[in-house]
Protein chains: 2
Amino acid sequence: MSIIEPASSQRVVPLPSETMAFRAAMPFVTDGGVAIIPLDVAYQTYGVLNAEKSNAVLVCHALTGDQHVASVNPVTGRTGWWETMVGPGRPIDTDRLFVICSNVIGGCMGSSGPASINAATGKPYGLDFPVLTIADMVRAQAMLIDHLGIDSLFCVAGGSMGGMQVLEWAANYPQRVFAAMPIATSARHSAQNIAFHEVGRQAIMADPDWQGGRYLETETRPAKGLGVARMAAHITYLSENALQSKFGRKLQNRDARTFSFDADFQIESYLRYQGLSFVERFDANSYLYLTRAMDYFDLAAEHGGALSLAFKGSQTRFCVVSFTSDWLFPTSESRAIVHALNAGGASVSFVEIDSDKGHDAFLLDVPDLFATTSGFINAAAKARGLAVAS
Amino acid sequence: MSIIEPASSQRVVPLPSETMAFRAAMPFVTDGGVAIIPLDVAYQTYGVLNAEKSNAVLVCHALTGDQHVASVNPVTGRTGWWETMVGPGRPIDTDRLFVICSNVIGGCMGSSGPASINAATGKPYGLDFPVLTIADMVRAQAMLIDHLGIDSLFCVAGGSMGGMQVLEWAANYPQRVFAAMPIATSARHSAQNIAFHEVGRQAIMADPDWQGGRYLETETRPAKGLGVARMAAHITYLSENALQSKFGRKLQNRDARTFSFDADFQIESYLRYQGLSFVERFDANSYLYLTRAMDYFDLAAEHGGALSLAFKGSQTRFCVVSFTSDWLFPTSESRAIVHALNAGGASVSFVEIDSDKGHDAFLLDVPDLFATTSGFINAAAKARGLAVAS
């Protein structure tokens, strides 16, 4: 279902994946003061926009996600990353809602990023691509939403880095967000999370194949470095209990330790696989840029130093969700958001879901998350005068 | 105070650091079935062994520790790693006790390890050194204790990997251990901890300067890989709260974000320093071997599958210590040890110390740890008929 957009003011951009692409007609200047020209935003949509354009849901993806939220990813061949949540009859029901998901800028699935061609040189940007913020990503999404002719989004939803975008949308475009669902996220990246990101970046930059970020010019990739970065990050996505119950000290296809550095344990084999498969689908420089944007995220600092100011007088309805075993974005981070929303006078419900799946819970089959989302979406739809699932 | 040992049955081994060295007269065969010939054990002692040889305390060091527990490390120039705990008037009081600390085999501070010369080739072992277990380390220590003419140790104490050695001593040499103090440790390495170790090993082995472990032959070092490994590990030694209160989102010698991949944040600068300084003092292959030994540690598996069997009928007095904010070796791991000791009928006291310093608390200035240790050591000394501090 490749759809190339015919809009007159935008150029058609060929992309490696089946998706739509929007090229901004206006110059885009980052928070760091650098213009990205042209700026491309690759996206997918599901469902039908109603005549009032009042049923649009923007889904924001996480660090290693993409626009293929509810359909097969043409690069990996895998199902959409949130098919449990988005689709016909799902909590975010594409039979009733028009769902948009765009690849964040800085990413590597068609939106402008460090692997894009720098018009000034004719070569991939590499580290000449400007360092971005979450606000930059959201501003690019807002240009896409403008382009689609949508004034007000019914809902903006996402987890992790996606949740950061949700918060940024609600803070910077309060009139355009009817409902917001930040999941397993934080209003500012913690020291520990910056630390883990820095480990990943150093692993990538330590790989000689990274070549100062110019690896695409020689058709190489810092696969080992990116693999190590992914392995380290992957541990933080899971809970200790989940690792213990899933893997424990089980050996991998062997009866005894080999007294070597082979992957004796299942957890080692699993992690190595995670590293290897990740490098097949993700660009190392994009990993640098997206982790950096998360590190830089501090919504209170953007709003006079108090998080409540970011949401002052907001008419948006919020549903904040955390998971008990998420130690990357623990419930305390969600509570801080809830407190600020309360202080700002916003309407907010807060659900801490009991799960042993760790941070990854937001992507997994967690019935309480689906029930929470359905309840929130249906109540908001009713308030918006949209059809509600029977 | 370089002391070269004159024992007749052992050869004198010159070492790079001021320390004593014991060379085993008997062949040493690892749990993996490989002989290490010769086997050297580098060690330090503090205080005076009494005539009854009843006041000896063996201190076991952690992954990146060494034998210089209470005196300046000749390699780094830094004070001993446990001077707060061991020394004149300290909880482990060298005015009354004879303290021994040996570099674990597999290490890089004088004991046999992958950087040692392989007699068969005349070159450094590299990966031809056999993979070791914690039990191997302890068996080598027992040979040293034999050599010193000590039948029964008054106490064996250590934290983290040192605590694993304490447990192994108590399980395998119950008659030779009067008191045992395993601190911030576990009777079996968890899946999450194996996972973090595997990330570190992959980071080292991804560094082309590692050269399959043969880097010493070309006078290179996999500094970047070892640095990344250390950075990742270092995060696990600290608590999230400690990182947040110490570093938070503070910037490093700058007023604003640089929109680059420089170390904008203090936590980044701190981690990079930890990585850089570690490679100055530690051998990358030793890091592989010691993490592997910890991964392989599973005391219950060594004793018929039940941890209580490891301690059945033990006459040793135990003091098990954990720290509230230690998420690498959480209190649940210590509780499992305590339950097994209770089930085995052993004498055990258990102290969970309230601290926000994370796993590193056992190395830091934590008054409750000193008070706990003093109390335990003095009571045990009284029971052993040793002089007790007034």
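Student: Hi! Which residues of helix 3 of chain B meet helix 7 of chain B?
Tutor: In this predicted model, helix 3 of chain B uses B:Ile194, B:His197, B:Gly200, B:Arg201 and B:Ile204. Their partners in helix 7 of chain B are B:Ala284, B:Tyr287, B:Leu288, B:Thr291, B:Met294 and B:Asp295.

Student: Nice. How does that contact divide by class?
Tutor: It has 6 nonpolar, 3 polar and 2 charged residues.

Student: And at what angle do helix 3 and helix 7 of chain B pack?
Tutor: The angle is about 160°, and the axes are 10 Å apart. Angles over 145 degrees count as roughly antiparallel, so that is how helix 3 and helix 7 of chain B run relative to each other.

Student: Is the crossing left-handed or right-handed?
Tutor: Helix 3 of chain B passes helix 7 of chain B in a left-handed crossing.

Student: Switching topic: how many residues does each chain put into the contact between A and B?
Tutor: Chain A gives 43 residues and chain B gives 43 residues.

Student: Which element of chain A gives the most to that side?
Tutor: Helix 3 of chain A, with 11 residues. Other elements giving two or more residues include helix 4 (223–237) and helix 7 (284–296) of chain A.

Student: What about the classes on chain A's side?
Tutor: There you find 23 nonpolar, 8 polar and 12 charged residues.

Conventions:
Residues numbered from 1 in each chain as written. Chains lettered and ligands numbered in written order. Predicted model: local features only at pLDDT ≥ 70, side-chain atom pairs only at ≥ 80, totals over all residues. Contact = placed C-beta atoms within 7 Å. Helix = DSSP H or I, 4+ residues; strand = E, 2+ residues; numbered from the N terminus. Nonpolar A, V, L, I, M, F, W, Y, C, P; charged D, E, K, R; others polar. Axes fitted to C-alpha atoms, helices over the stretch in contact; angles between N-to-C directions. Parallel < 35°, antiparallel > 145°, perpendicular 65-115°, else oblique. Left-handed = near helix turned anticlockwise from the far one by under 90°.
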